[in-house]
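Have the model open as you read.

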Amino acid sequence: MASAPHLEPPQRLVRALGADSPWLAALPSLARDALARWELTAERVVAPGGRGSLVVLVRRADGTPAALKLRAAGAGAEAAALARWDGHGAVRLLEAAPEADALLLERLHAEVSLRSLPEAKANLEAVSALRRLWVPPEAGSAPPVPPPFTTVERHTGRAVDRIRRHTPPQARSLAEEALAVRSGLLADAPENLLLHGDFRQGAVLSAAPGRAHWLAAGPDPLVGERAYDLARLVRDRLHDLMAGSGGAARTRRRIAKLADSLEVDRDRLRGWSLYRAVESGTRQLAAGDRADGELLLEFASWLRD
């Protein structure tokens, strides 16, 4: 079992959760318990990693490589989604102890994501992965939202107050438009499918030989319509998009191409892209990241009617 210094959390995780996070304080104990539970040998922590979890590259007792993931929250929902996908389009779940925030996953190449490909090729591979992920949340004739999943409506509803509190005065009409768009989209949502929840090029990683070349990882699963899931992909490589000329026109073309390739309604994709950019922008502003927050709000303004 690795000693605590080898499992030092990356700074991105510390900044996101706060140095005084109780979960971070408990992390060495959580890691030791998970390593012992599954008889794992730790190799190294994946860095820079995510903002809500620690991933440790490990070896199982028989020497096969794997990845231990410790989540600050949401391990039960991630385990349920990965079990539902069963390795089709997503990383395979090997073992789960959601009550201990721990998941054991097949090992992917964390340093090689779709962002390593040219944009056009990356989007083609992303579309292929999404086709396999969008399934009913439970097989057979089950309730539309089985536990432990939550809905897009409930998830986005938690952000409404924060959006209003942290929108700068010059962007208030944009925020109110985004909230009105959200309400309209939820009122006539066409489907309830299992969604990745945070799907972007950086969440699709290269896999080991014998598996599909590219597999999604790091879901924050929700149940809702496909356009919501696709909306995060619309603003991928945001800084490059904002730095070039004609960014607004390029974004509209990207929406049209992504929507058509997955048979998603263009207007619904535009609407969710607007809402999600405003939500992310105000979240960044609330966290003190003014530069990215304002960039996201500017991007959202390109999507207004």
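**From hairpin to core**

In the hairpin of E4 and E5, 4 residues lie between the strands, and Asp 101 among the hairpin's residues takes a positive phi near 65 degrees. Strand E4 (residues 93-97) and strand E5 (residues 102-106) run antiparallel and are joined by 4 bridges; strands here are DSSP runs of at least two residues, numbered from the N terminus, and they pair if DSSP finds at least two bridges between them. Ala 97 stands opposite Ala 102 in E5.

A quick word on the ground rules. This is a predicted model, where local features need pLDDT of at least 70 and side-chain atom pairs count only at pLDDT 80 or more, while totals for chains, interfaces and linings use all residues. Residues are numbered from 1 along each chain as its sequence is written, and side-chain values use heavy atoms, with hydrogens and water left out.

Next, look at the open sheet of 3 strands, ordered E6-E8-E9 with antiparallel pairing. Its edge strands, E6 (109-113) and E9 (214-216), each pair on one side only. E6 and E8 (residues 204-206) pair over 2 bridges, and His 109 stands opposite Ser 206 in E8.

Of its 72 residues, Phe 199, Leu 230, Leu 269, Val 278 and Phe 299 touch the most other members. Helix H11 (residues 266-286) gives the most to this core, with 7 residues; a helix is a DSSP run of H or I, at least four residues long. A second, separate core of 23 residues includes Ala 34, Leu 35, Val 56 and Ala 97.

Technical notes
A nonpolar core is a set of buried Ala, Val, Leu, Ile, Met, Phe, Trp, Tyr and Cys residues joined through side-chain atoms within 4.5 Å. Buried means under 20% relative accessible area, exposed over 50%, partly exposed in between (1.4 Å probe, protein chains only).
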